[in-house]
Protein chains: 2
Amino acid sequence: MSQNISSFVRHGKKIVAIGRNYAEHIKELSNTAPKEPFFFLKPTTSYLPSGGRVELPRGIICHHEVELGLVIGKGGRDISQAHVAEHIAGYALAVDLTARNLQDQVKSKGLPWSAAKGFDTFTPIGPFIPKSLIDDPHDLKLWLKVNGAFKQNGTTSDMIFRIPRLIEHISSIMALEEGDLVLTGTPSGVGPLVAGDQVECGLSALSFGVVDREGGYQFQALG
Amino acid sequence: MSQNISSFVRHGKKIVAIGRNYAEHIKELSNTAPKEPFFFLKPTTSYLPSGGRVELPRGIICHHEVELGLVIGKGGRDISQAHVAEHIAGYALAVDLTARNLQDQVKSKGLPWSAAKGFDTFTPIGPFIPKSLIDDPHDLKLWLKVNGAFKQNGTTSDMIFRIPRLIEHISSIMALEEGDLVLTGTPSGVGPLVAGDQVECGLSALSFGVVDREGGYQFQALG
Ligand SMILES: [Mg+2]
Ligand SMILES: [Mg+2]
Ligand SMILES: [Mg+2]
């Protein structure tokens with residue numbers, strides 16, 4: 001795979017997804033904020049490339065959670081925050097689809113989340129974005145529209161635990177490998193999808209401010 | 001990988017582990033028996049080949065759970081019980097090591113099990129056993145000794161949900177792929193490991209009864 005990290009969807013082995021990393025989303029689900037990051041695993045069989053169709057299992061209430069994904073370029077264990085940047089090859093926009101009614105049921109029983117998060121087609125995934133194209137991953141707008149209407153519209157600047165801390169924490173428990181994807185949590189606005197819905201998501205990877213230049217060139221009206 | 005399924009440890013993408021599949025083990029942990037199989041994911045980064053050393057994370061109480069592993073040879077989705085045999089390439093003895101104190105904590109909060117089950121070195125794994133060498137996977141003795149003393153000594157005939165049902169259930173939620181490993185649950189006798197312990201596990205893959213043949217050859221004492 002080292003030849004082509006952009007094929008992480010085919011060759012990567014795991015998806016590590018962070019829970020409760022945006023304060024407004026924690027509130028909307030009446031959860032409590034974690035003292036340290038926590039995560040769950042999704043299988044790579046849940047990937048759905050852009051343009052595909054999410055299949056809703058019978059009886060399942062499926063919620064969308066739009067998230068920034070980190071694509072691991074160099075594996076490692078016990079990665080310190082100072083070295084995290086070397087291990088990230090780039091980014092991908094992803095949706096952490098969640099069988100919310102099943103998740104509620106297993107949570108109340110203390111059971112694992114793996115089925116609720118791991119159904120086939122439950123990780124729609126956008127194209128690989130090399131890190132050179134993203135100036136600051138903590139200053140990206142993330143949005144998701146259902147049938148043309150905004151449902152989620154957040155910014156990665158609202159993450160409770162930032163990327164270096166997430167990678168440090170995960171890799172202190174399990175090694176990360178080239179091609180793994182880390183999902184960094186979802187902003188508020190999660191909600192159900194039903195058959196027939198059309199979903200669009202975006203990442204505003206480009207943003208800038210405007211100032212008057214001091215000194216230098218001066219336009220002169222001629223004639 | 002199709003050339004060599006025995007390298008599933010290097011090339012497989014996921015480990016799907018069944019919980020609470022032996023009645024005596026459910027009792028010893030004061031759990032309730034599930035109405036349908038349930039499972040969690042372990043990352044393949046947790047594999048530890050035989051002869052290696054399990055590393056206990058600081059503060060973690062690590063329990064051994066010896067289990068029969070199924071190695072998937074042919075992937076599939078919605079595999080019916082009648083077709084399960086075609087999808088299994090063979091078996092491997094495995095230990096589903098569990099950070100029991102962390103698991104107890106996350107269970108009480110309804111949080112995912114992924115960290116508690118997924119630490120590096122937390123899935124010691126034996127060699128690949130082609131299915132042709134195992135007559136009946138539901139009639140195998142599974143045992144685990146710590147420092148020479150038996151701690152677990154069960155039989156796969158005590159599984160609550162048998163292999164066809166497990167594969168049918170998992171593959172109705174997430175596709176299985178060549179090289180994936182399915183752990184089928186642990187018999188009773190789980191308990192803690194501490195630094196310095198030496199662990200041995202076994203699978204009695206060969207067993208037979210004895211009867212008197214009716215008719216045929218008759219030995220005659222000569223001389
Ligand atoms: Mg995996
Ligand atoms: Mg999420
Ligand atoms: Mg187990």
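A polar contact, as I use the term here, is a pair of N or O atoms within 3.5 Å; within protein, one must be able to donate a hydrogen and the other to accept it. I am working on a predicted model.

**Entry 1: His87(B)**

A polar atom of the His87(B) side chain lies 2.7 Å from the backbone oxygen of Lys74(B). I then placed the residue: His87(B) belongs to helix H3 of chain B, residues 84-87.

Is His87(B) buried or exposed? I find a relative accessible area of 7% for His87(B). Buried means under 20%, so His87(B) counts as buried.

I listed its contacts, leaving aside neighbours within four places in sequence. Lys74(B) is among them, together with Val71(B), Ile72(B), Gly73(B), Gly75(B), Gly76(B) and Ile79(B). I also checked His87(B) against Leu203(B): the two are 116 residues apart in sequence, and their C-alpha atoms are 22 Å apart in space.

**Entry 2: the magnesium ion (ligand 3)**

Which residues coordinate the magnesium ion (ligand 3)? I find Glu65(B) and Glu67(B), each through OE, and Asp96(B) through OD, at 2.0 to 2.1 Å. Along the chain, these donors follow the spacing E-x1-E-x28-D. Glu67(B) sits in strand S5 (residues 66-72) of chain B, and Asp96(B) in the loop between strand S6 (88-95) and strand S7 (98-99), so the pair ties together parts that are 29 residues apart in sequence. I noted both Glu67(B) and Asp96(B) as buried.

**Entry 3: the hairpin of S10(B) and S11(B)**

I looked up how strand S10 (residues 141-146) of chain B pairs with strand S11 (residues 149-155) of chain B. They run antiparallel and are joined by six bridges. Opposite Leu142(B) I find Gly154(B) of S11(B). The hairpin has two residues between the strands, and Asn147(B) takes a positive phi near 50°.

**Entry 4: the two chains**

I superposed chain B on chain A. A rotation of 180° with 0.0 Å of shift along its axis does this, with an RMSD of 0.1 Å. The two copies are thus related as by a two-fold rotation axis. The same surface serves both copies, since 100% of the contact residues of chain B recur in chain A.

**Entry 5: the annotated domain in chain A**

I checked the UniProt annotation. An unreviewed entry gives "domain: Fumarylacetoacetase-like C-terminal" for residues 14-204 of chain A. Over residues 14-204 I find 19% helix and 33% strand, with the end C-alpha atoms 26 Å apart.

How values were computed: Residues are numbered from 1 along each chain as its sequence is written. Chains are lettered from A and ligands numbered from 1 in the order in which they are written. This is a predicted model: local features need pLDDT of at least 70, side-chain atom pairs count only at pLDDT 80 or more; totals for chains, interfaces and linings use all residues. Side-chain values use heavy atoms; hydrogens and water are left out. Helices (H or I, at least four residues) and strands (E, at least two) are DSSP runs, numbered from the N terminus. Buried means under 20% relative accessible area, exposed over 50%, partly exposed in between (1.4 Å probe, protein chains only). Contact means heavy atoms within 4.5 Å. Donors are N, O and S atoms within 2.8 Å of the metal (3.2 Å for Na, K and Ca); water is not among the atoms, so sites may look incomplete. UniProt positions are given in the numbering used here, feature names are shortened, and annotations may be inferred rather than shown by experiment. Copies are superposed by least squares on the C-alpha atoms of residues with pLDDT of at least 70 in both. Two strands pair if DSSP finds at least two bridges between them.
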